[in-house]
Amino acid sequence: MTSEIILSIENLKTYFFTKKGIVRAVDNISFDIRKGEILCIVGESGSGKTVTALSILRLVESPGKIIEGKIILDEDNLLELSPHKMQDVRGNKIAMVFQDPHSALNPIFTIGDQVSEAISAHKSCNKEDASSQATQLLELVGIPLAKERYHDYPHQFSGGMKQRVVIAMALACHPRVLIADEPATALDLTVQAQILDLFLELRARFEMSIIYITHDLGVVSEIADSIVVMYAGRIMEKGGSRDVLGNPVHPYTKGLMGCLPSEKGIIIPIPGTIPGLINPPAGCIFHPRCVNALDICRMERPPMTKITDEHYVSCFLGGVNG
Amino acid sequence: MKLAAYYLERLKGNKTAIIGLAFIIFLVLTALIGPFFTVSPTQVNFSEKNLPPIGFSSEQSEYSAKVGGLVMTNMHGTWKHPLGTDGMGRDLLSQLISGARVSLLVGLLATGLAIVIGAIIGVSSAYFGGIADSILMRFTDIMITFPFLLLLILIVYMFGSSLALIILSIGLTGWTGTARLVRSETLSLRTRDFVIASKALGASDLRIIFYHLLPNTISSIIVLATLSIPGAILAEAALSFIGLGDPQVASWGNILNAGQNDLQAAWWIAVEPGIMLFFTVISFNFLGEGLRDAFDPKGDYN
């Protein structure tokens with residue numbers, strides 16, 4: 001992995017200012033994504049994966065706010081762009097696919113209409129051009145009989161086909177980064193596999209970088225080039241797919257791996273639940289659930305420690321296999 | 001439009017709605033082509049005053065030169081004036097047709113204006129939220145507190161009573177219901193995934209409003225519009241009835257107003273526009289309710 005870095009997130013903090021207090025949904029995270037790379041963000045529900053994605057697109061809604069950090073794409077800090085320029089980045093340079101394909105399409109327009117609408121949002125082209133491009137896109141994402149199905153409504157499609165349509169819309173302007181927020185979670189296992197294949201194919205074809213958000217380590221092991229493990233709004237461990245999965249260092253990553261059925265069929269769950277983010281535990285945010293917690297874990301926030309050039313961990317036990 | 005065909009199919013199952021629609025179509029056609037076949041509604045002919053409709057007869061006192069005083073004669077309806085004439089001998093059929101034009105014009109234009117204003121205020125209030133929402137909705141609340149008819153009377157009293165002004169003032173005061181409806185629907189729509197997804201693909205606010213939000217509220221808007229047309233028609237009739245209508249046009253309210261003085265001698269002058277108003281209003285209500293059922297996804301297909 002030596003290709004150029006396309007998108008770089010530095011010290012991003014997104015907080016939600018609720019009446020009960022400040023929720024640190026994303027708390028000081030940094031990671032890079034390279035050209036043509038599939039980066040998986042892994043974590044349980046509520047670990048800040050989706051907020052990270054929405055922050056990159058600057059779509060965090062009130063009471064949420066991006067407090068500080070940099071999101072650098074093509075030497076521009078996205079957080080400093082004018083709203084108008086940011087609107088141009090969305091769809092054109094970074095696009096996003098959402099979790100539930102059933103609600104991600106407008107029920108009252110045909111799918112062809114919606115794909116060509118996505119095209120004409122950025123390119124000024126006439127209706128026929130847009131519609132022929134839309135048909136091509138639908139073929140590209142594997143909608144059979146794209147020309148005939150162009151005039152069908154979303155409710156006439158299965159979940160997997162709808163997700164293909166949503167992906168076609170995201171591809172409309174050939175973005176350089178595609179953020180996919182659990183795009184296969186709402187689908188059948190067999191359809192999931194097809195959608196994963198589609199992402200791999202798109203990456204190979206367009207050299208697109210994909211940020212793939214999931215909680216499914218099985219999916220991660222299949223497609224990830226690099227992995228970011230998130231817990232309670234912070235990054236626990238990040239690095240190349242082989243490093244993180246083959247040599248997990250952080251107790252949380254190990255815990256996640258323990259949740260996969262082993263060869264003997266044994267599942268070892270992580271005890272406890274994710275902490276409330278309004279009054280998070282002091283020190284390492286994972287220490288209440290950590291079997292190896294030391295005194296220092298309760299006092300200080302562990303820094304990102306380098307293990308190899310591509311592998312970092314936020315743990316005082318870094319590198320110590322305990 | 002496959003969707004339109006689908007909803008029409010559902011509407012067909014509703015008999016009252018179809019009856020309402022049929023009457024409205026009949027009324028529109030009559031208003032459009034009727035004036036080419038009838039005499040002018042303003043043509044005065046005192047020798048034919050207070051003629052009853054066909055099939056009716058009435059006793060009328062008439063000045064007779066022979067007797068040198070009033071005599072009572074029994075008048076019968078004639079085919080020349082199938083619905084009778086008023087106190088100046090003007091043909092009531094052509095007056096009613098002219099009145100249909102006025103009522104439909106007022107109903108459609110005033111409601112159209114109210115819907116456009118209400119939809120824009122409602123959708124921007126909900127979409128932009130925050131301070132914009134507070135200001136727009138408090139303004140709507142203030143508008144609602146004014147008694148509708150009194151406000152109309154005030155406007156007409158201050159600025160005169162041309163038909164255009166009446167339409168304008170009904171439209172400018174009648175948008176509050178639409179604004180609230182569209183706002184509430186938009187509030188739930190704007191958090192739907194397809195709106196957020198569209199934002200994530202770089203759609204502008206206008207594009208989201210006109211492509212995603214408004215089209216998804218259109219079924220409610222159509223129902224509300226159909227149900228508010230009678231209100232606008234009745235408002236114009238009420239204004240005309242109390243003498244604040246446009247004196248230049250023969251609207252149903254004007255005829256009613258003129259007929260109330262002659263109720264004993266010529267009951268038909270007031271009754272006929274009343275019947276027309278009744279059927280028009282009830283037809284729009286039937287149609288509106290039929291549309292509401294047709295658009296209701298929970299409604300039975302049959």
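Visitor: How far apart are the C-alpha centres of domain 1 and domain 2 of chain A?
Guide: In this predicted model, those two centres lie 30 Å apart.

Visitor: Which residues go into each domain of chain A?
Guide: Domain 1 is made of 35-59, 80-93 and 178-313. Domain 2 covers 103-174.

Visitor: How many residues does each domain of chain A give to the contact between them?
Guide: Domain 1 of chain A gives eleven residues, and domain 2 of chain A gives 14.

Visitor: On the domain 1 side, which elements give two or more residues?
Guide: Helix 2 and helix 7 (189-206) of chain A do.

Visitor: Switching to the chains. How many residues do chain A and chain B put into their contact?
Guide: Chain A puts in 23 residues and chain B 17.

Visitor: Which of them has the largest share?
Guide: Helix 2 of chain A, with five residues. Helix 2 also gives two or more residues to the domain 1 side that touches domain 2 of chain A.

Visitor: How does the chain A side that touches chain B divide by class?
Guide: Into 13 nonpolar, six polar and four charged residues. So charged residues do turn up on this side.

How values were computed
Residues are numbered from 1 along each chain as its sequence is written. Chains are lettered from A and ligands numbered from 1 in the order in which they are written. This is a predicted model: local features need pLDDT of at least 70, side-chain atom pairs count only at pLDDT 80 or more; totals for chains, interfaces and linings use all residues. Two residues are in contact if their C-beta atoms, placed from the backbone, lie within 7 Å. Helices (H or I, at least four residues) and strands (E, at least two) are DSSP runs, numbered from the N terminus. Domain bounds come from an automatic or database domain assignment.
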